[in-house]
Amino acid sequence: MSNPFDILPLNIFNLFSTQGFGSLQRHYMAILLRLYALAEFNRFGLTREAVVDEIVHYLKEANAEGEIAAEMANQIVGADLRVGPASSVSPDSVSITGQKSEQDYASYLIRRLAETGWIEREQHADYSETIILPDYAFTLLEEIGRAHV
């Protein structure tokens with residue numbers, strides 16, 4: 001029998017070990033299960049716009065913007081401390097008022113899901129983007145969904 005980590009990305013479960021933000025694991029899992037539900041009927045991929053819409057809808061429904069904003073701020077501060085004061089690390093786009101939009105939060109979450117291997121992003125010649133659940137993520141989420149019900 002082969003080791004599952006011969007197939008799975010090494011950091012796939014890092015998404016659920018967010019420190020200091022106890023309920024973020026619940027938000028990440030809820031978003032992944034929503035994406036699984038969408039991808040279940042469209043195995044060729046989802047448009048980025050559909051994924052952003054689904055995440056924004058979830059964030060509003062769960063009232064999770066504050067927790068995501070805190071994680072984003074923590075990531076930026078952590079990056080600045082690792083790189084140093086002359087860092088080229090810059091925060092994500094911020095509006096004129098200094099507030100992040102729901103689309104900024106959704107984009108951040110998409111990046112985190114891609115970094116940890118839960119989704120793959122394909123950019124096309126027209127700069128549109130398709131988001132795909134790899135087979136291993138699809139299988140894991142299918143089983144988690146069964147246990148969740």
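Me: Buried means under 20% relative accessible area, exposed over 50% and partly exposed in between, with a 1.4 Å probe and protein chains only as cover; what share of the 149 residues of the protein counts as buried?

Reply: Of the 149 residues, 38% count as buried. This is a predicted model, in which local features need pLDDT of at least 70 and side-chain atom pairs count only at pLDDT 80 or more, while totals for chains, interfaces and linings use all residues. Residues are numbered from 1 along each chain as its sequence is written, and side-chain values use heavy atoms, leaving out hydrogens and water.

Me: Why is phenylalanine 13 called partly exposed?

Reply: Its relative accessible area is 37%, which lies between the limits of 20% and 50%, so phenylalanine 13 is partly exposed.

Me: What makes the span of helix 2 (residues 48-62) close to the expected one?

Reply: The expected span is 1.5 Å times one less than the number of residues; for the 15 residues of helix 2 this gives 21 Å, and its first and last C-alpha are 21 Å apart.

Me: How do you know that the buried residues of helix 2 line one face?

Reply: Val51, Val52, Ile55, Val56, Tyr58 and Leu59 are buried in helix 2. Seen down the axis, the directions to their C-beta atoms fall within an arc of 160°, so these residues line one face of the helix. Glu49, Asp53, Lys60 and Glu61, on the other side of helix 2, are exposed. Asparagine 63, with a positive phi near 50°, follows helix 2.

Key:
Helices (H or I, at least four residues) and strands (E, at least two) are DSSP runs, numbered from the N terminus.
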